[in-house]
Amino acid sequence: MQEGYLVVGGDSLVGGGVIRALKKRGHTCVATTRRKESVSDDRVYLDFRDEAVFEAPSNINYAFIIAATTNYERCETDPEAHVTNVEHIPRLVLSLLDQGVFVTFISTNSVFGGDQAWPNEDAPHDPRIAYAQQKSLGEKNILDGAKAAGTLELLNIVRLTKILTPDVSPLPGWIETWGKGEVVEPFSDLLFAPMSVEFVSESLVTIGEHRISGMLHLSGADNVSYTQLAESMARRLSFSSDLIKPTTATAKGIEIAFKPRYSGLGMERTTRLTGLHPQMLDDLVDGIFPAPKEN
Ligand SMILES: NC(=O)c1ccc[n+]([C@@H]2O[C@H](COP(=O)([O-])OP(=O)(O)OC[C@H]3O[C@@H](n4cnc5c(N)ncnc54)[C@H](OP(=O)(O)O)[C@@H]3O)[C@@H](O)[C@H]2O)c1
């Protein structure tokens with residue numbers, strides 16, 4: 001079998017980044033899509049809901065399972081979200097493992113609930129919201145199935161913290177407000193440990209190249225508030241810190257579905273086995289707001 005990578009979820013935020021990172025490193029890469037009109041030689045059709053067994057393309061021996069139902073609201077209210085995340089995706093993972101394909105399943109920091117500081121790769125789960133409960137059950141179904149089939153050595157589960165892009169709310173609004181010389185009001189009581197798509201994607205490809213089985217984490221280096229993010233952005237974009245007036249979601253009466261005390265993930269095992277380290281906030285901000293090129 002040739003060495004090639006399958007990206008399940010070619011149209012997702014993370015999937016797009018992984019495809020770019022794989023191509024940059026010269027790897028063979030096939031993506032899946034459920035948008036029939038966009039199928040081509042390197043984009044094959046896959047919808048988790050189809051009953052038929054998905055046969056991995058013959059040039060593939062590694063798969064990143066990235067697609068999922070990710071919308072918190074849909075996970076709370078739509079029974080199909082549960083079926084997708086807890087039944088259909090594990091069924092696909094176990095089928096690919098049976099076909100001899102090495103699999104990375106992408107999960108989330110939210111399985112830990114947000115009360116544990118820097119949970120390591122084998123910390124106990126404590127999921128609070130439907131999305132997190134579904135990802136946690138998805139992990140369990142995959143691990144139980146792979147153990148029963150004797151394919152655990154072909155599997156890793158990589159949990160991610162929040163991914164930040166320049167388009168994610170409220171970043172574009174802040175920049176527009178600062179541009180008018182006006183003050184923004186970031187929340188000091190909303191914490192996360194953000195990473196860039198590029199950091200996550202490059203790190204996932206490194207993990208893929210090492211073919212390490214077991215549990216792994218990718219995380220931002222600090223639990224930061226939106227106020228700290230605003231300060232780092234203002235420095236990077238040369239706006240005055242006087243244009244930042246911290247407030248809280250509580251003070252604004254805004255209900256937030258997942259409001260963890262801690263968001264960052266411990267990466268001890270991941271760092272030991274891959275050499276990957278958590279991403280620093282300033283590196284993230286510098287990466288997503290690159291300096292303009294000089295002529
Ligand atoms: N983004 C984050 O901050 C973050 C943080 C932690 C973990 N994660 C995890 O990382 C992974 C990727 O997240 P993301 O933000 O990149 O996802 P995303 O942009 O929300 O994309 C989800 C993808 O899943 C596809 N999908 C949904 N149902 C499907 C089905 N039945 N069959 C086939 N494809 C289906 C969607 O297809 P369409 O495009 O056709 O709708 C979409 O492309 C997820 O597993 C998520 O849990 C993400």
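What volume does the largest cavity have? I looked this up on a predicted model, in which local features need pLDDT of at least 70 and side-chain atom pairs count only at pLDDT 80 or more, while totals for chains, interfaces and linings use all residues. Residues are numbered from 1 along each chain as its sequence is written, and side-chain values use heavy atoms, with hydrogens and water left out.

**Cavity.** I took a cavity to be a set of points, on a 1 Å grid over the protein atoms alone, where a 1.4 Å probe fits but cannot get out, with points joined across faces, edges and corners and the volume being the space filled by probe spheres set on them. I found one cavity of 30 Å³ or more, and the volume of the largest cavity is about 60 Å³. I listed its lining (residues with an atom within 4 Å of a point), which includes Asn 109, Phe 112, Asp 115, Phe 258 and Tyr 262.

**Ligand.** I counted 23 residues around the ligand, of which Val 14, Arg 35, Thr 70, Tyr 131 and Lys 135 come nearest; a residue is near if one of its heavy atoms lies within 4 Å. For polar contacts (pairs of N or O atoms within 3.5 Å), I noted a ligand oxygen 2.8 Å from a polar backbone atom of Val 14, a ligand nitrogen 3.1 Å from a side-chain N or O atom of Asp 47, and a ligand oxygen 3.3 Å from a polar backbone atom of Ala 68. The ligand taken alone exposes 910 Å², of which the protein buries 83%, with areas from the Shrake-Rupley method and a 1.4 Å probe. Helix H1 (13–24), strand E5 (102–108) and helix H4 (130–149) each give two or more residues to the shell, and E5 gives the most, with three; helices (H or I, at least four residues) and strands (E, at least two) are DSSP runs numbered from the N terminus.

**Aromatic pairs.** I searched the whole structure and found nine aromatic pairs, that is, Phe, Tyr or Trp rings (the six-membered ring for Trp) with centres within 6.5 Å, called stacked under 30 degrees, edge-to-face over 60 and tilted otherwise. Tyr 72 and Tyr 131 form a tilted pair, 5.2 Å centre to centre with 35° between the planes. Tyr 72 lies in helix H2 (residues 72–77) and Tyr 131 in helix H4, so this pair ties together parts 59 residues apart in sequence.

**Backbone.** Most residues other than glycine have a negative phi, and most peptide bonds are trans. I noted that Trp 118, in the loop between E5 and H4, has a positive phi near 50°. The peptide bond from Ser 169 to Pro 170 is cis, with omega near 10°.

How values were computed. 1 Å grid on protein atoms, 1.4 Å probe; cavity = no way out; pocket = protein on both sides within 12 Å on 5 of 7 lines; lining within 4 Å. Polar contact = N/O pair within 3.5 Å; in protein donor to acceptor, adjacent residues only side chain to side chain.
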